[in-house]
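Please keep the sequence and the structure in view while reading.

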Amino acid sequence: MSNRLFLLDKNYVLKQVQEDMRVELQTKLVDLIKEHYYIQFNPLRLQDDQTLAIEAYQAQNVSHFDELYDTLAGFYRYEIGHNQLELLFDGRSHHEKYEEDWKAAFEAYVAGLSTRKNFIIAGLELTVFFRAENRVELAQNRIQLCCYDHFGLKIYKHKGIQKYKAAASA
């Protein structure tokens, strides 16, 4: 049986870039959630115990965001749609170009998601206000729901990425 994989297919290069940047962007995600907390809930940055805890928090364990990261990475690959490598004339490799493009798209995705209060609250529950006795899955599910609603897409295990219809709009 022949191998049907073309190793220089754009999606393979892009998937590798996304995997290489996972920890860096998940750490950036925590910083963006903290920043958007202030925009949404405390634009004057008034100090209290909660804001002091948010400011002092440094990302240590970002594995709670693995599912979100994989979802956003999948949505990005879905949106760009084509798998042909483009010709680059600026001296950069495809890897470098996709690093730049993916980072910009990821930050834009998070900025869009951060307009939703549930996204910010769930993100803070998984980081700053994380408690071992809390159920991590609940916060992760709220984050996933925000993604599905925001992008209008959902990843199904056997069907792939499909249009998402929220129960309220169905």
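Predicted model: local features only at pLDDT ≥ 70, side-chain atom pairs only at ≥ 80, totals over all residues.

Two residues are said to be in contact when heavy atoms lie within 4.5 Å of each other. In helix α4, the residues Glu67, Leu68, Thr71, Leu72, Phe75 and Glu79 meet Ile143, Gln144, Cys147, Tyr148 and Phe151 of helix α7. Sorted by class, this contact of α4 with α7 comprises 7 nonpolar, 2 polar and 2 charged residues.

The geometry of this pair can be described next. Helix α4 spans residues 66–80 and helix α7 spans residues 136–151; the two pack at an angle of about 15 degrees, and their axes are 10 Å apart. Because angles under 35 degrees count as roughly parallel, α4 is described as roughly parallel to α7. The crossing in which α4 passes α7 is right-handed.

The protein has 170 residues, of which 36% count as buried. Among contacts with a separation of 6 or more, 70% are made by residues 24 or more positions apart. The accessible surface of the protein amounts to about 10,400 Å², and carbon and sulfur atoms account for 52% of that surface.

Which residues of α6 are buried? They are Phe119, Ile120, Ala122, Gly123 and Leu124. The buried residues of α6 pack against α2, α3, α4, α5 and α7, a list that includes both helices of the pair described above.

The pairing of α6 with α2 can be followed in detail. The axes of α2 and α6 come within 9 Å and cross at roughly 130 degrees, and the two helices are therefore oblique to each other. Their crossing is left-handed. On the α2 side, Leu29, Ile33, His36, Tyr37, Gln40 and Phe41 take part, and they meet Lys117, Phe119, Ile120, Ile121, Gly123 and Leu124 in α6. By class, the contact of α2 with α6 has 8 nonpolar, 3 polar and 1 charged residues.

Ser114 lies in the loop between α5, residues 94–113, and α6, residues 117–125. Is Ser114 buried or exposed? Its relative accessible area is 0%, so Ser114 is buried. Apart from neighbours within four places in sequence, Ser114 is in contact with His36, Gln40, Phe119 and Ile120. His36 and Gln40 in α2, and Phe119 and Ile120 in α6, also take part in the contact between those two helices.

Arg116 is likewise found in the loop between α5 and α6. Its relative accessibility is 29%, so Arg116 counts as partly exposed. With neighbours within four places in sequence left aside, Arg116 is in contact with Cys146, Asp149 and His150. Arg116 and Cys147 are 31 residues apart in sequence, while their C-alpha atoms are 9.9 Å apart in space.

Technical notes
Residues numbered from 1 in each chain as written. Heavy atoms only, no water. Axes fitted to C-alpha atoms, helices over the stretch in contact; angles between N-to-C directions. Helix = DSSP H or I, 4+ residues; strand = E, 2+ residues; numbered from the N terminus. Parallel < 35°, antiparallel > 145°, perpendicular 65-115°, else oblique. Left-handed = near helix turned anticlockwise from the far one by under 90°. Nonpolar A, V, L, I, M, F, W, Y, C, P; charged D, E, K, R; others polar. Buried < 20%, exposed > 50% of the residue type's maximum accessible area, 1.4 Å probe, protein only. Areas by Shrake-Rupley, 256 points an atom, 1.4 Å probe, with all protein chains shown as cover.
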